[in-house]
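Trainee: Hi! I have just opened this one and would like a friendly tour. Could we go through it together?

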Amino acid sequence: MTSPQLLTLPLTAATAVQLLLPLLSLIYSVAVHIFLSSFKERSLFRFHHWNPIMIRAVLFCFGATFSSFTSSASRGHDDDDYDGSVQSNAAILSTQLIYIIATIIIATLSTRLILQTRQIEINGPPPPVSANLQGKVIFITGANSGIGLETTRLLYLQYNATVILACRSRARAIEAIQSIDPSWKECRYTNNNNSSSSGAIHLGNRMH
């Protein structure tokens, strides 16, 4: 037999989800906007940069309003009115079911917005899949580690570009190249005096 006490724990957990996830999505979006503005990557007060924040604020307000409304409705099913009838059980179960469905929807939207903020604002949009940079020569500084290395890897392996690595250490440059393409072999160029000299280390569709 269903009793009103069975609603307490699920409603408490659902209320926390309905409030915390939209709030986290809102705070994350605001923090990212302020962070990017502090580095002069965008205007702090330009209206269209606030549109994503307003969407998350609306979701938070909806979650808070629905949580308050449902909690008030659930308090109507107190022990004094509960008679154990089929109608009472059905009313309690329907309230719980509606609340759980709404919680799942709000949690899904909030999680999606958090991931969207990270993808668009932090990671940036994905590069076009169909792009082909064959025949293009790209010069990358600091290409032996970090962002430079990963950019070199992406341009060479996925976009067929010829990539020139500018590094402070020849040994590290060679190590970076071989980590991208183990089949690469070091080459040396000869100057006009026929003496061996180190040429530019580079990656390309054809290894020289």
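Trainee: What joins the side chains of H33 and W50?

Mentor: A polar contact of 3.5 Å joins them. By polar contact I mean a pair of N or O atoms within 3.5 Å; within protein, one must be able to donate a hydrogen and the other to accept it, and residues adjacent in sequence count only if both atoms are side-chain atoms. Before we go on, this is a predicted model, where local features need pLDDT of at least 70, side-chain atom pairs count only at pLDDT 80 or more, and totals for chains, interfaces and linings use all residues. Residues are numbered from 1 along each chain as its sequence is written, and side-chain values use heavy atoms, with hydrogens and water left out.

Trainee: Is H33 buried or exposed?

Mentor: H33 counts as buried, at 1% relative accessibility. Buried means under 20% relative accessible area, exposed means over 50%, and partly exposed is in between (1.4 Å probe, protein chains only).

Trainee: Where is H33 found, and what does H33 touch?

Mentor: H33 is found in helix α1. Helices (H or I, at least four residues) and strands (E, at least two) are DSSP runs, numbered from the N terminus. Not counting residues up to four places away in sequence, H33 touches R42, S43, L44, H49, W50 and I53. Contact here means heavy atoms within 4.5 Å.

Trainee: Zooming out, how many helices and strands are there in the chain?

Mentor: The chain has five helices and five strands. From the N terminus on, their order is α-α-α-β-α-β-α-β-β-β. Of the 208 residues, 31% count as buried. Among contacts with a separation of 6 or more, 68% come from residues 24 or more positions apart.

Trainee: How many salt bridges does the structure hold?

Mentor: Two. A salt bridge is a side-chain nitrogen of Lys or Arg within 4 Å of a carboxyl oxygen of Asp or Glu. One of them pairs the side chains of R42 and E121, at 2.3 Å from N to O. R42 lies in the loop between α1 (8–38) and α2 (51–74) and E121 in helix α3 (residues 86–123), so this pair ties together parts that are 79 residues apart in sequence.

Trainee: And how accessible are R42 and E121?

Mentor: R42 counts as buried at 16% relative accessibility, while E121 is partly exposed at 24%.

Trainee: Which side chains meet in a salt bridge of 3.4 Å?

Mentor: Those of E150 and R153. Both residues lie in helix α4 (residues 146–159), three residues apart, or about one turn of the helix. E150 is partly exposed at 45% relative accessibility, and R153 is partly exposed too, with a relative accessible area of 24%.

Trainee: Changing topic: which residues are buried in helix α5?

Mentor: In α5 (residues 170–180), they are A173, I174, A176, I177 and I180. Seen down the axis, these buried residues fall within an arc of 160 degrees, so they line one face of the helix. That arc is taken from the directions from the helix axis to the C-beta atoms.

Trainee: What about the face turned away from the buried side of α5?

Mentor: That face carries the exposed residues A171, R172 and E175. The N-terminal end of α5 is capped by S169, with a side-chain oxygen 3.4 Å from the backbone nitrogen of A171.

Trainee: Which residue has a positive phi of about 60 degrees although it is not a glycine?

Mentor: That is K40, in the loop between α1 and α2. K40 is exposed, with a relative accessible area of 75%. N160 also has a positive phi, of about 55 degrees, and is not a glycine. You will find N160 in the loop between α4 and β2 (162–166), where N160 is partly exposed at 30%. As background, most residues other than glycine have a negative phi.

Trainee: Last stop: where is the place of S67, and is S67 buried or exposed?

Mentor: S67 sits in helix α2 and is buried, with a relative accessible area of 4%. Leaving aside neighbours within four places in sequence, S67 is in contact with T15, Q18 and Y99. S67 and L19 are 48 residues apart in sequence and 7.8 Å apart in space, C-alpha to C-alpha.
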